Amino acid sequence: MSKITLKVNGATHSVDVDPSTPLLYVLRDDLDLHGPRFGCGLGQCGACTVIIRGEAVRSCVKRVSTVGAAEITTLEGLAANGKLHPVQQAWIDEQVPQCGFCQNGQMLTAKVLLDHNPTPTDAEIRDAMARTLCRCMTYYRVQTAIKRAAKAMTPSATNAGEEG
Ligand code: FES
Ligand code: FES
């Protein structure tokens, strides 16, 4: 066991864990953050996604000891000052989830996409979201919600692609 310090959603936490423990387990079991989900445990579905250094990271295959001093953002950290992030609001407005299990990964991957590309085309959205799997097939509503969030985040911009 080792003492490891993590910065999560603006707070600093100290945990005493095996350094090889997946970050996902520490977030869920030690820090009680249940936004990230255990889906495949193999880095293939995206349910466990968190944001580290501005990138979507699959926390089920990320050893906790490799995070270092980087800030981790989980779904719980997206809202700010009592206001939902535009991605979260768009998810509600478009009624995206069905069972909801994959939606942590969908929202965090969408946020990273919009941070990198504020006006993605439909093809760019599909490409960015392609590895974030949904057994309930919410893909079309995910795409619609991302376009809604993009407009909310950059109201003067129009989406470059509307090819459906
Ligand atoms: S649970 Fe991490 S990618 Fe599936
Ligand atoms: S909403 Fe059920 S797996 Fe995506």
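Visitor: How does α2 pass α5 in this predicted model, in a right-handed or a left-handed crossing?

Guide: In this predicted model, α2 passes α5 in a right-handed crossing. Residues Pro86, Val87, Ala90, Trp91 and Asp93 of α2 make the contact with Val142, Ala145, Ile146, Arg148, Ala149, Ala152 and Met153 of α5.

Visitor: By what quantities are two packed helices described?

Guide: A packed pair of helices is described by the angle between the two axes and by the distance between them. For α2 and α5 the angle is about 135° and the axes are 8 Å apart. That makes α2 oblique to α5.

Visitor: At roughly what angle do the axes of α4 and α5 cross?

Guide: They cross at roughly 120° and come within 10 Å. The helices α4 and α5 are therefore oblique to each other, and their crossing is right-handed. On α4 the contact involves Asp122, Ile125, Arg126 and Met129; on α5 it involves Val142, Gln143, Ile146 and Lys147.

Visitor: And within what distance do the axes of α2 and α3 come?

Guide: The axes of α2 and α3 come within 9 Å, crossing at roughly 130°. These two helices are therefore oblique to each other, and α2 passes α3 in a right-handed crossing. Val87, Gln88 and Trp91 of α2 meet Gln103, Gln106, Met107, Ala110, Lys111 and Leu114 of α3.

Visitor: Why is α3 described as largely enclosed by the rest of the structure?

Guide: Burial is read residue by residue, with buried meaning under 20% relative accessible area. Twelve of the 14 residues of α3 are buried, so the rest of the structure largely encloses this helix. Among the buried residues are Gln103, Asn104, Gly105 and Lys111, together with Met107, Leu108, Val112 and Leu113.

Visitor: Which elements do the buried residues of α3 pack against?

Guide: They pack against the strands β3 (49-52), β4 (55-58) and β5 (71-73), and against the helices α2 (86-93), α4 (122-129) and α5 (139-153).

Visitor: How many bridges join β1 to β2?

Guide: Seven bridges join these antiparallel strands. Lys3 has Asp16 in β2 as its bridge partner. The two strands form a hairpin with two residues between them, and Asn9 in the turn has a positive phi of about 50°.

Visitor: In what sense do β1 and β5 pair, parallel or antiparallel?

Guide: The pairing of β1 and β5 is parallel, over two bridges. Lys7 stands opposite Glu71 in β5. By contrast, β3 and β5 run antiparallel and are joined by two bridges, with Ile52 opposite Ile72 in β5.

Terms used. Residues numbered from 1 in each chain as written. Chains lettered and ligands numbered in written order. Predicted model: local features only at pLDDT ≥ 70, side-chain atom pairs only at ≥ 80, totals over all residues. Heavy atoms only, no water. Buried < 20%, exposed > 50% of the residue type's maximum accessible area, 1.4 Å probe, protein only. Helix = DSSP H or I, 4+ residues; strand = E, 2+ residues; numbered from the N terminus. Contact = heavy atoms within 4.5 Å. Pairing = 2+ DSSP bridges. Axes fitted to C-alpha atoms, helices over the stretch in contact; angles between N-to-C directions. Parallel < 35°, antiparallel > 145°, perpendicular 65-115°, else oblique. Left-handed = near helix turned anticlockwise from the far one by under 90°.
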